[in-house]
Amino acid sequence: MTQLLFNFLIFPGFLFTVVFGLAACWIDRKVTARIQWRVGPPWYQPLMDIVKLSIKEITIPKTASKELFFFSPMIGLSAVTLVSMLVWLPNIDPVSKGFSGDIIVVMYLLTLPAIAVMLGASASGNPLASLGASREIKMVMAYELPFIISLTVPIIKSHGLLRLSDIINYQAANGSFAASLSGMIAFIVMIFCMQAKLGLVPFDASEAETEIMGGAFIEYSGMLLGIFKLTKAMLMVVLPLFLITLFWQGFNFLSIWKYVILLVIIVLIRNTNPRVRIDQAMRFFWGKMTLLAVLAVLLAIKGM
Amino acid sequence: MARKIIPIGPYHPLQEEPEFFRLHVDGETVVDIDIELGYNHRLVEKISESKNFDQVAFMVERICGICSTSHPFAYVNAIDDLLGVKPPERALYIRTAIAELERIHSHLLWLGLAGHFLGYNTVWMWAWRYREPVLDIFERVTGNRQNYGMMKPGGARRDMLEEDFPWIKKTLKDLIPKLDMFKGAIMDDPVIRMRTEGVGVLTKEDARDYGLVGPTARASGVNIDIRRDDPYAAYDKVEWQVCTHEGGDVFSKAVVRILELYQSINIVIQCLDKMPKGPIDSGIKDIPPGEGIGRHEAPRGEVVHYIMADGGNSPARHKIRAPSFMNVASNKKAVIGETISDATIILAAVDPCYCCTERMAVVDYKTGKKMMDGQDLIKLSQEKTEKIKNKLGR
Amino acid sequence: MKRETIIQNIKIRSGKDLLDFQDKSKNRIYFTVNKTILPQIAKYLFNDANARFSTASGVDTRKAVEILYHFAVDDIGLFISLRVILEKPNLEIDSLLGLFKCAEWIEMEMHEMLGVNFKGHEDPKHLLLKDDWPKGNYPLRRD
Amino acid sequence: MSLRLKALTKSIWVYHMSTGSCNNCDIEIIDMLTPRFDAERFGITLVGSVRHADAILVTGSLNLKAVPRIKQVYEQAAKPCVIIAIGTCSCGQGIFKNGPNCPNPVDSILPVDIYIPGCPPKPEAMIAGIVKLIEKLNGKK
């Protein structure tokens with residue numbers, strides 16, 4: 001029990017992922033700044049932002065439904081903490097085997113942060129926030145379909161393994177899935193879905209600052225906003241890690257370059273594209289991405 | 001779905017200035033828009049009547065920061081028209097060079113902000129980085145990054161030094177390859193084209209109906225430019241072209257502005273080459289009773305200043321018409337039927353300048369009384385689809 | 001269209017309603033017309049002479065309010081100003097909104113600043129500088 | 001305690017509010033974020049919602065229509081939140097002092113913490129002003 005609590009709260013759950021995630025956030029901001037010919041923030045900037053938000057006043061708007069407004073950030077944070085534990089453990093702890101079907105649990109838990117954003121935004125009672133919420137719903141519906149379809153590719157290729165640690169072992173024995181054609185296609189689809197799950201440009205319509213003033217987060221302040229930021233930071237670790245686990249032979253501290261490569265891809269996509277409209281994003285995911293994902297599945301069944 | 005009202009502003013990151021749009025939306029589609037101005041209004045025209053003719057040149061500079069030489073330029077044109085004098089040659093070239101430098105910085109600023117509205121911050125940062133050398137030129141020539149104070153009735157207030165010319169020319173020529181790169185990056189980016197083409201189309205008829213001016217009109221294929229049509233200063237002594245584009249959408253407006261950047265660089269360099277030696281001020285003493293109209297093609301379009309003097313020390317009436325006053329009104333036509341995401345870039349595409357627009361006007365655009373009904377809307381959107389189809393078919 | 005043709009046509013169309021004509025310079029001409037004839041002249045300029053409505057400026061000359069309608073004929077660079085003199089206190093004139101939409105804002109502005117009423121312009125709300133600006137207080141009036 | 005203060009001064013999120021300005025101060029504020037000056041080095045970021053703001057930058061000569069709006073915006077801000085008056089207009093009304101539509105100075109409506117004069121102040125001046133603000137905060141506590 002203590003072991004589990006330790007895993008959940010400190011290593012490799014909450015605390016470890018937060019530290020890792022803030023570092024990733026800093027890399028994101030720094031690389032962005034360098035692309036834009038700026039110097040960029042110092043290394044402790046994301047930490048300072050969170051600390052500062054934690055000492056600011058929390059304002060709850062009059063029109064808001066208070067409990068939901070207050071608790072929805074927590075839902076997202078606890079979900080992503082659980083995911084981080086589930087994904088980290090099979091990768092770095094050879095003793096831990098996880099449980100059968102943890103892929104499916106992770107898949108469900110990964111939608112919870114988006115649902116938390118929706119709940120919080122709808123609870124705040126601001127027209128712009130509710131617009132942000134409706135965009136978030138559309139986004140979730142758009143990217144979940146290709147995400148889930150391409151998630152089945154590693155399962156098919158490993159002949160029905162539903163346990164993360166088994167998939168890692170299978171890849172260790174038979175080579176990474178990303179090296180095969182179907183795995184490659186599914187991996188690319190997953191990278192785009194990851195961009196959307198992280199809410200980064202070009203798929204950041206739900207919190208578009210210049211369109212709907214921060215959209216879903218418009219009424220949040222202080223620690224509650226900080227929790228959303230933390231959730232984002234942790235997702236920035238967990239999602240690439242999940243992808244590496246599924247397609248790229250898993251992760252250990254020697255292979256941190258895999259993570260860095262994925263992070264750089266995210267940052268590059270984010271800095272070389274304008275924001276797409278929500279209907280364009282939906283067409284992109286339901287059209288091209290879903291087709292590609294289905295193609296990957298068919299190829300995987302053929303064994304390619 | 002029920003109609004919702006989405007307020008944009010008055011304090012909104014969309015624009016650096018306060019303005020208030022109420023978008024009536026149906027789902028994501030804008031069905032109506034109320035424009036409410038007045039958050040930036042300072043009654044400049046009234047203040048102008050309490051300043052003397054020399055002070056007014058400084059005051060009109062502070063109508064709008066981005067076009068901070070356009071208003072003084074139109075104002076001095078009005079005074080020159082009132083008096084019937086022609087300022088010394090050198091002053092004309094100095095005025096032209098300053099106005100064109102301002103156009104460069106203003107268009108780069110708009111390009112950057114347009115990128116920012118599209119969520120493309122890299123474009124924003126790059127455009128503003130290229131804008132800095134232009135501001136350096138201003139700082140060297142006039143002593144300030146904005147608000148140059150170079151215009152004076154009957155001449156120029158400050159001379160340009162010959163020893164600066166080679167450096168200015170070099171700085172501007174260095175800008176050209178960067179613009180080429182930038183032009184390529186914007187025009188070839190498929191996502192940018194997806195976001196801007198066929199969005200917020202204004203036809204030639206709309207342009208006439210709403211009295212559009214400047215790049216907004218030229219992007220709709222209306223070939224007007226005060227610099228060519230009603231030549232003043234040194235514009236008839238240098239070679240340049242008016243840039244137009246046929247699309248009428250946001251993309252065309254960007255194209256026109258990018259093309260104008262090259263023309264402006266060209267004009268400044270020609271001005272520096274051809275600038276004659278001589279006095280810069282004709283030394284106006286008194287302003288007799290009379291009236292004068294001054295026009296200038298600001299980066300956003302035609303500025304009109306009307307001055308009425310009664311023989312006293314300050315204007316009896318000073319009417320200012322800024323280009324955005326005409327252009328902003330067209331938002332109503334351009335935005336309806338588009339989505340909210342597109343609305344922001346359309347609202348920004350005319351390069352609105354509320355400081356200019358509101359120096360005088362207070363408008364509450366309550367369209368509630370003549371709200372468009374469903375039929376009109378459908379017709380409108382069908383027309384728009386037709387237009388886009390025609391464009392694609394061509 | 002040539003400059004002379006436009007001047008001739010305006011003179012013919014306004015007839016005895018033309019009160020004054022001032023040929024100030026090559027690009028600036030001023031007509032003073034009766035307010036009854038204004039919509040016809042404006043219609044001629046906008047529809048036939050291909051002029052663009054630039055703006056209008058209202059001036060309070062203590063006894064009367066003068067309104068100058070400025071039209072730009074861009075092909076020949078001509079700037080035509082139609083002056084209409086409204087005697088106080090009867091400040092009423094026909095709106096040009098039916099001809100072109102760009103008259104809307106400038107007419108509202110003149111209504112709010114000078115208290116001129118425009119017939120045919122549906123004035124939604126008496127809205128001055130701020131919502132509770134005192135009624136009957138026009139900032140640019142001089143009386 | 002010191003970490004809190006450090007966090008406050010090292011991560012200033014600004015919200016920008018124009019109250020009838022000529023736009024010059026506003027573009028110079030945005031210029032402050034762009035490559036040559038890059039205020040993100042000091043943790044200064046522009047935010048879209050006043051709820052997220054630590055500092056409100058007020059520009060312009062406060063016209064009558066904007067007065068209720070800026071009061072409302074200030075009330076919505078999460079405290080602690082400082083107010084910075086940027087430009088001659090918001091510091092002392094500048095050339096519009098006699099304007100009938102802008103009779104109130106900004107500091108008669110809002111508690112202004114620092115003034116950055118200039119028409120417009122250069123981005124360097126704004127950064128210097130913010131450094132002074134940080135010094136003041138450090139000295140006060």
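Student: What should the 22 residues of helix H5 (residues 102-123) of chain A span, and how far apart are its end C-alpha atoms?

Tutor: This is a predicted model, so every value here is computed from it. At 1.5 Å a residue, H5(A) should span 32 Å. Its end C-alpha atoms are 31 Å apart, which agrees.

Student: Where is the kink in H5(A) centred?

Tutor: On A:Pro113. The kink is about 30°.

Student: Which residue with a positive phi follows H5(A)?

Tutor: A:Gly125, with phi near 70°.

Student: Where does H6(A) kink?

Tutor: At A:Glu144, by about 30°. Just beyond H6(A), A:His159 takes a positive phi of about 60°.

Student: Next, helix packing. At what angle do helix H3 (residues 45-55) and helix H10 (residues 222-247) of chain A cross?

Tutor: Read the angle first, then the direction, then the hand. The axes come within 7 Å and cross at roughly 150°. H3(A) and H10(A) are therefore roughly antiparallel, since angles over 145 degrees count as such. The crossing is left-handed.

Student: Which residues of H3(A) meet H10(A)?

Tutor: From H3(A), A:Pro46, A:Asp49, A:Ile50, A:Leu53 and A:Ser54. Their partners in H10(A) include A:Met223, A:Lys229 and A:Ala233. By class, the contact of H3(A) with H10(A) has seven nonpolar, three polar and two charged residues.

Student: Is helix H4 (residues 66-92) of chain A roughly parallel or roughly antiparallel to H10(A)?

Tutor: The axes of H4(A) and H10(A) come within 9 Å and cross at roughly 25°. That makes them roughly parallel. H4(A) also passes H10(A) in a left-handed crossing.

Student: What is the make-up of the contact of H4(A) with H10(A)?

Tutor: Among the residues of H4(A) that meet H10(A) are A:Leu77, A:Val80, A:Val83 and A:Val87. On the H10(A) side, they include A:Phe228, A:Leu235 and A:Phe242. The contact divides into 16 nonpolar, five polar and no charged residues.

Student: How many residues do chain B and chain D give to their contact?

Tutor: Start with the count, then ask which elements supply it. Chain B gives 32 residues and chain D gives 32 residues. On the chain B side, helix H1 (44-48) and helix H5 (121-142) are the elements that give two or more residues. H5(B) gives the most, with four residues. The chain B side has 16 nonpolar, eight polar and eight charged residues.

Student: Which residues of chain D does a cis peptide bond join?

Tutor: Check omega. The bond between D:Cys119 and D:Pro120 is cis, with omega about -10°. D:Pro120 is in the loop between strand E5 (114-116) and helix H5 (123-140) of chain D.

Terms used:
Residues numbered from 1 in each chain as written. Chains lettered and ligands numbered in written order. Predicted model: local features only at pLDDT ≥ 70, side-chain atom pairs only at ≥ 80, totals over all residues. Contact = placed C-beta atoms within 7 Å. Nonpolar A, V, L, I, M, F, W, Y, C, P; charged D, E, K, R; others polar. Axes fitted to C-alpha atoms, helices over the stretch in contact; angles between N-to-C directions. Parallel < 35°, antiparallel > 145°, perpendicular 65-115°, else oblique. Left-handed = near helix turned anticlockwise from the far one by under 90°. Bend = angle between axes of the 7 residues up to and from the residue. Expected span 1.5 Å × (residues − 1).
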